[in-house]
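Here's a quick briefing to read alongside the model.

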Amino acid sequence: MSDEDSSVSQSEEDYAMNAEDESSESGWIQWYCSLEGHEFLSEVTEEFLQDNSNLYGLKSKIPNYTESLSQIIAGSAPSEKDLQDEQFLELYQNCTDLYGLIHARFIQTPTGLAIMREKYLAGKFGSCSRVLCERHNVIPIGMSNDIRTSRVKVFCPRCQDVYYPKDRNGEMDGAYFGNSFPHILLQSCPDLYPLQEHNKYVAKISGFKVHEGRGVYAEKCEYKYRTEVI
């Protein structure tokens, strides 16, 4: 995985600072989703986690699967001491990957879609970087369904293109959302399709539209290159 797209973990200091702000009675899921840079995530319900059919096929993908799942379901928010323990941090990484893969499945359920729909409408996922989209809301998307392949990106329903998130949410693994989520959300909630037309930039010189070809100069350069090669 490249440095640009590799999943990057927060430093131990960041975890400790966030953990101190959480109540000791907070569950692992509530704590994890409340961390800075995790605003894209929704809290998976206990009912979904307790149904083994929802977790089918994940055991072979995550080391220490049983212990990680127990930590997610019944674990509490870690203390500062926990976050300085190397063994705990190893388990923590397994927990985050497992939760992310479960999350990708949960957000495709009616309950998960409803939660993510509200986040989208509230602009929690950010807005499109493209000027002509006029800050249209975007939706998280992964370029792959496999963990540790690429970071999360955002999909704009208006221009139908993919961009890098503008904040720390971009450090999350794209597999936590999957490569189909935006399209499932839009198919399930057709009212989310943008009513505005897709504005296309039109290149002009002195008010006149530029020909869509490469231009005379580029064609002359190519012709010269071909004749010299021949």
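Arg 148 counts as partly exposed, at 43% relative accessibility; partly exposed is the range between buried (under 20% relative accessible area) and exposed (over 50%), using a 1.4 Å probe and protein chains only. Keep in mind that this is a predicted model, where local features need pLDDT of at least 70 and side-chain atom pairs count only at pLDDT 80 or more, while totals for chains, interfaces and linings use all residues. Residues are numbered from 1 along each chain as its sequence is written, and side-chain values use heavy atoms, with hydrogens and water left out.

**Asp 97 and Arg 148**

- Arg 148 pairs up with Asp 97 in a salt bridge, with 2.7 Å between the closest N and O atoms; the term covers a side-chain nitrogen of Lys or Arg within 4 Å of a carboxyl oxygen of Asp or Glu.
- Asp 97 sits in helix H5 and Arg 148 in the loop between strand E1 (139-141) and strand E2 (153-156), so the bridge ties together parts 51 residues apart in sequence.
- Asp 97 is buried, with a relative accessible area of 3%.

**Helix H5**

- H5 runs over residues 86-106, and its 21 residues reach 30 Å from first C-alpha to last, close to the 30 Å expected; the expected span is 1.5 Å times one less than the number of residues.
- Helices here are DSSP runs (H or I, at least four residues), as are strands (E, at least two), numbered from the N terminus.
- The rest of the structure largely encloses H5, because 16 of its 21 residues are buried.
- At the N-terminal end, Asp 85 caps H5, placing a side-chain oxygen 2.8 Å from the backbone nitrogen of Gln 87.

- The structure holds six salt bridges in total, including one between Glu 36 and Arg 168, whose closest N and O atoms are 3.8 Å apart.
- Glu 36 belongs to the loop between helix H2 (28-34) and helix H3 (46-50), and Arg 168 to the loop between strand E3 (161-163) and helix H7 (181-188), so this pair ties together parts that are 132 residues apart in sequence.
- Arg 168 also meets Glu 171 in a salt bridge (3.8 Å, N to O).
- Put together, Glu 36, Arg 168 and Glu 171 form a salt-bridge network.
- Glu 36 is partly exposed at 43% relative accessible area, Arg 168 is partly exposed at 27%, and Glu 171 is partly exposed at 26%.

Terms used:
A polar contact is a pair of N or O atoms within 3.5 Å; within protein, one must be able to donate a hydrogen and the other to accept it, and residues adjacent in sequence count only if both atoms are side-chain atoms.
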